Amino acid sequence: MKAFLRILTAATLLGAASLAQAEVAVIVNSAAAKTPSQSDVANIFLGKDKSMKGVDQAGWNPVKEAFYAGVTSKNESQLKSYWSGLIFTGKGQPLPSVADDAAVVAKVGAEADAIGYVDSAAVNGSVKVLFTLP
């Protein structure tokens, strides 16, 4: 009986944690002429497409984790390995990063060719949502 209660408690906590996860919004400037597809967004954030300026978030946080998992299918260690390879061979550099959601919204809102990702709660009228990731 105690084992059952522990399993039930763990399942409840996991369910609550998944509900607490925020939805990630991929954003562009409201006046942006280009609206890239999800595949294009992956290429921009992996440095393969330079048609827009990707704005990355510094450090590793739940929003960044959800974005990279959903768009590029890469986790933190895979992403670090990917960029290490590009840097070592001289084929690329990681995207510039800013501190948090508010800084991403500000930068994307100020630059017509910028693209970023934020917690959907951080979106305001200066940016347009391309798509969201659960």
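Analyst: In this predicted model, the five strands make an open sheet with mixed pairing, in the order S3-S2-S4-S1-S5. The edges belong to strand S3 (97-98) and strand S5 (127-133); each has a single partner strand, so one side of each has no neighbour in the sheet. Two strands pair here if DSSP finds at least two bridges between them. Helices (H or I, at least four residues) and strands (E, at least two) are DSSP runs, numbered from the N terminus.

A quick word on the ground rules. Residues are numbered from 1 along each chain as its sequence is written. Because this is a predicted model, local features need pLDDT of at least 70 and side-chain atom pairs count only at pLDDT 80 or more, while totals for chains, interfaces and linings use all residues, and side-chain values use heavy atoms, with hydrogens and water left out.

For orientation, the protein chain has five helices and five strands, and from the N terminus they come as α-β-α-β-α-α-β-α-β-β. Out of 134 residues, 34% are buried, where buried means under 20% relative accessible area, exposed over 50% and partly exposed in between (1.4 Å probe, protein chains only). Take the contacts (heavy atoms within 4.5 Å) between residues at least 6 apart in sequence: 71% of them join residues at least 24 apart.

Now zoom in on strand S2 (residues 53-57). S2 runs parallel to S3, and two bridges join them: Asp-56 is partnered with Ser-97, and Gln-57 with Val-98. With S4, S2 is again parallel, this time through three bridges; one of the pairs is Val-55 with Gly-116. Four of the five residues of S2 are buried, so the rest of the structure largely encloses this strand.

Leaving out residues up to four places away in sequence, Lys-64 touches Asp-56, Gln-57, Gly-59 and Tyr-117.

Asp-101, Val-104, Val-105 and Val-108 are the buried residues of H5. Looking down the axis of H5, these fall within an arc of 95 degrees, so they line one face of the helix; the arc is that of the directions from the helix axis to the C-beta atoms. The cover over them includes S1, S2, H3 (62-71), S3, S4 and S5. On the face turned away from that buried side, H5 carries the exposed residues Ala-102 and Ala-110.

The other one is helix H2 (residues 38-45), which lies across strand S1 (24-29), S2, strand S4 (114-119) and S5, at about 100 degrees to S4. In H2, the buried set is Val-41, Ala-42, Ile-44 and Phe-45. Down the axis of H2 they span an arc within 160 degrees, so they too line one face of their helix. What covers them includes S1, S2, H3, H4, S4 and S5. Just past the end of H2, Gly-47 has a positive phi of about 75 degrees.

Thr-72 counts as buried at 12% relative accessibility, and setting aside neighbours within four places in sequence, it is in contact with Ala-42, Leu-46 and Phe-67. A polar atom of the Thr-72 side chain lies 2.7 Å from the backbone oxygen of Tyr-68. Ser-73, in that H3 to H4 loop as well, is exposed with a relative accessible area of 60%. Though not a glycine, Ser-73 takes a positive phi of about 60 degrees.

How values were computed
Axes are lines fitted to C-alpha atoms, for helices over the stretch in contact, and angles run from 0 to 180 degrees between N-to-C directions. A polar contact is a pair of N or O atoms within 3.5 Å; within protein, one must be able to donate a hydrogen and the other to accept it, and residues adjacent in sequence count only if both atoms are side-chain atoms.
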